[in-house]
Amino acid sequence: MDSTTEQSQQPQSQQPQQHQQPHDVRISGGRVVSTFTGEEFAADLLLRGDTISGVLPPGAPGAALEHVDATGLLVVPGFVDAHMHIESSFLTPRTFAALTLARGTTTVLADPHEIVNVAGARAMRWMIEAGRGTPQTQLWGVPSCVPALEGLEHAGASLSADDIAELLRLPGVVALGEVMDYRAVVADDPRMRAIVAAARAQGVILDGHCPNLSGAELSAYMATGVDSDHTKNRTEVVLEKARMGMLMMLQEKCLLPETIEALLALPQLPPLCLVTDDLAADHILGVGHLDHIARVAVRAGLPAAAALRALTWTPAQRLRLHDRGVIAPGKRADLVLLRGELADFDPAVVFAGGREVARDGAATYEAATYEAEAYEAGAYEAEAHGFEAYGVEAPEAPDGGAAVRTAGTEARTDGARAHTAGTRVCTEGTRARTDSAPGESAVGSRPAADTPDPLADTVTVEPQTPDGFRWRVDLPDGTHRFRAMRVNSRDTYTEAAEVELPVRDGEVAWEGRTALVRVRNRYGRSGTVFAPLLGRTLTPGAVATTYAHDSHNLLTIGTSRSAMAAAAAAVVEDGGGVAVVRGDEVAARLPLPVGGVMSPASATEVARQSLAVRDAITGWGWDHLNPFMSVSTLTLAVSPSLKITDLSLVDVVRREPSGAVATV
């Protein structure tokens, strides 16, 4: 029977008061999964506004204006990502929301340290504003390390403790972003001490980053109040950190069977969060977001119920969001309706704040509705939010500020949610195709892309020519031993190595003997550093990118000067991005004109371009689980063990520059 005409068998006077008036939505026929007990149980859900107004036995009284038939589906809380970077998707916040909501991710804590390293505080403010007006809850952490390693690299900005204290007061900010310069924290460096103290004074969450830190150094790091880690650690270090009370956040590369087995062997499974950290648009569209991480966790041996808790309840508690993470009366109506078994983590329908926002892998909401509501709430008031202060024009009111529901609904006139009576069936949807070209699911066609001109034109370098890739050194003619970077196919760990190369007339004759890495400062400074690269069997070609953690200078890797120049020139022409050259021809490119790290295009288009770049990098010979991260973290000077910046090679463990010449 249609819920709009359904009448209770029980006299209305005997019903609970809150069920005597029609609810907005009734979801019936599904089985709820409890994140408290791990049980599945049959129940009908009632929604009113953005809240779960009832969890009832099937068929119990409770009329609603809209009926959702969830027969054959599991109902779980919306997924919560407690550690990630929107820029790693190459998308702007609004487009990212549409893509990931379709995968069940209803809440994120985003650390925008990529774009903030490029453009500083104004970029932080722009990201927050750009993320409003979507159904996804986007919370923010203020980057703690801008630049990541002060004194050993130049970024486009620098944040002091006072700057960070000011940004921590912005609406939606709940955390200090990952404290990556963990060696400075352990050494009680004054700058990092002041930054952490500023965050502690405001009572925000302190997010960590400390790969394989253990023993007394781990104790010293945690004593500052930093109490989480999302990096890859040896299994014994994972156990040590969990034992010490550090919340372990497991991303894909951390989900090893031996690690999960060791965690499950403990007397009690410690709290865990599953996180994405860095996922590109093509990966999200083709494979998934947190839903994918959950499937990886289950394959590694984590029970499905434990994986669900690590996607929902635990990260919600971490973010101090006590209104979500469990399906219960009075909690926020962020819901994911799953097909099949729980272990499949296969979203069919997604609700955020009590409204359907995605179905069958595609966003279903109209951006204009949420943008208008955000405008009504004051999200776009230039004076209130200081747009003019940091050079960003305030968006115009969508349709004059009128918040209009999608086709078939009544216009909102009094701030209350409007519905149409009717029944929707969600039993056997078709999952978005993943074996076809990105874009066929239409994800990204709505909401509309952002157009952030204030973050354009951020790449300031000279024209890129083969002469710019001559490696000149102050050494006599002869053969010399140079310090090199060795990469692997598993993770982003790089180790120091050595290679012998001839020097003629003050120039290293590297072509035909080794691949070369060059970092060029792209903020108008003079820094340029070269190093040989080992660990790959590359065909003739190159890759260049301004998406290079965390200072995002112009990074180029190649087998010849001409190929490197062609790749770098393509990136500069695009205003930033990634380009791959095979031979001497550009084979694929991903323009990222928003600060050199994001695109204003639709998710479909960005996914198509990023997949083409991924395939081109892999075809070139760069074999890696995540080629974007493997390439872009060669410059991450806080990630072990030898990295390269615009100033020097960096010994990460010693936190000091490392000379290019090993022996003369």
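Tutor: What follows is a short tour from the whole chain to single residues.

Student: What should I know before I start?
Tutor: This is a predicted model, where local features need pLDDT of at least 70, side-chain atom pairs count only at pLDDT 80 or more, and totals for chains, interfaces and linings use all residues. Residues are numbered from 1 along each chain as its sequence is written, and side-chain values use heavy atoms, with hydrogens and water left out.

Student: How many helices and strands does the chain have?
Tutor: Helices (H or I, at least four residues) and strands (E, at least two) are DSSP runs, numbered from the N terminus. Here the chain comes to 18 helices and 33 strands.

Student: What share of the residues is buried?
Tutor: Buried means under 20% relative accessible area, exposed means over 50%, and partly exposed lies in between, with a 1.4 Å probe and protein chains only. In this chain of 664 residues, 61% are buried. As for the surface, accessible areas come from the Shrake-Rupley method with a 1.4 Å probe, and for residues only the protein chains shown count as cover. The chain exposes about 24,000 Å², with 49% of that supplied by carbon and sulfur atoms.

Student: And what do the contacts say about sequence separation?
Tutor: A contact means heavy atoms within 4.5 Å. Taking contacts between residues at least 6 apart in sequence, 69% join residues at least 24 apart.
Tutor: Pro-143 makes a handy local example. It sits in the loop between strand 10 (137–142) and helix 4 (161–167), and it counts as buried because its relative accessibility is 1%. Leaving out residues up to four places away in sequence, Pro-143 touches Asp-111, Pro-112, His-113, Val-116, Met-124, Leu-159, Ile-164 and Gly-177. Pro-143 and Leu-168 are 25 residues apart in sequence, while their C-alpha atoms are 9.7 Å apart in space.

Student: Which residues have the most contacts inside the largest nonpolar core?
Tutor: A nonpolar core is a set of buried Ala, Val, Leu, Ile, Met, Phe, Trp, Tyr and Cys residues joined through side-chain atoms within 4.5 Å. The largest one has 144 residues, and Leu-274 and Trp-622 have the most contacts inside it. Helix 17 (residues 603–620) gives the largest share of this core, with seven residues. Another core, of 27 residues, lies apart from it and includes Ala-484, Leu-501, Leu-534 and Ala-565.
Tutor: To see how Leu-274 is surrounded, set aside its neighbours within four places in sequence: its contacts then include Val-80, Asp-81, Leu-250, Leu-290, Ala-294, Ala-307 and Leu-311.

Student: At what angle do helix 11 and helix 12 pack?
Tutor: Axes are lines fitted to C-alpha atoms, for helices over the stretch in contact, and angles run from 0 to 180 degrees between N-to-C directions. Helix 11 (residues 290–299) and helix 12 (residues 304–311) pack at about 145°, with axes 9 Å apart. Leu-290, Ala-294 and Val-298 in helix 11 meet Ala-304, Ala-307 and Leu-311 in helix 12.
Tutor: For residue classes, Ala, Val, Leu, Ile, Met, Phe, Trp, Tyr, Cys and Pro count as nonpolar, Asp, Glu, Lys and Arg as charged, and the others, Gly among them, as polar. The contact of helix 11 with helix 12 has six nonpolar, no polar and no charged residues.

Student: What about helix 8 and helix 9?
Tutor: Helix 8 (residues 235–243) and helix 9 (residues 257–264) pack at an angle of about 35°, and their axes are 9 Å apart. Thr-235, Val-238 and Leu-239 in helix 8 meet Glu-258, Thr-259, Ala-262 and Leu-263 in helix 9. Their contact divides into four nonpolar, two polar and one charged residues.

Student: Which backbone values deserve a second look?
Tutor: Most residues other than glycine have a negative phi, and most peptide bonds are trans. Phe-90 has a positive phi, near 70°, and lies in the loop between strand 8 (79–84) and helix 1 (93–101). Asp-505, also not a glycine, has a positive phi of about 55°.

Student: Where are the cis peptide bonds?
Tutor: One joins His-549 and Asp-550, with omega about -15°; Asp-550 is in the loop between strand 26 (541–545) and strand 27 (554–558). Another joins Pro-640 and Ser-641, with omega about -5°.
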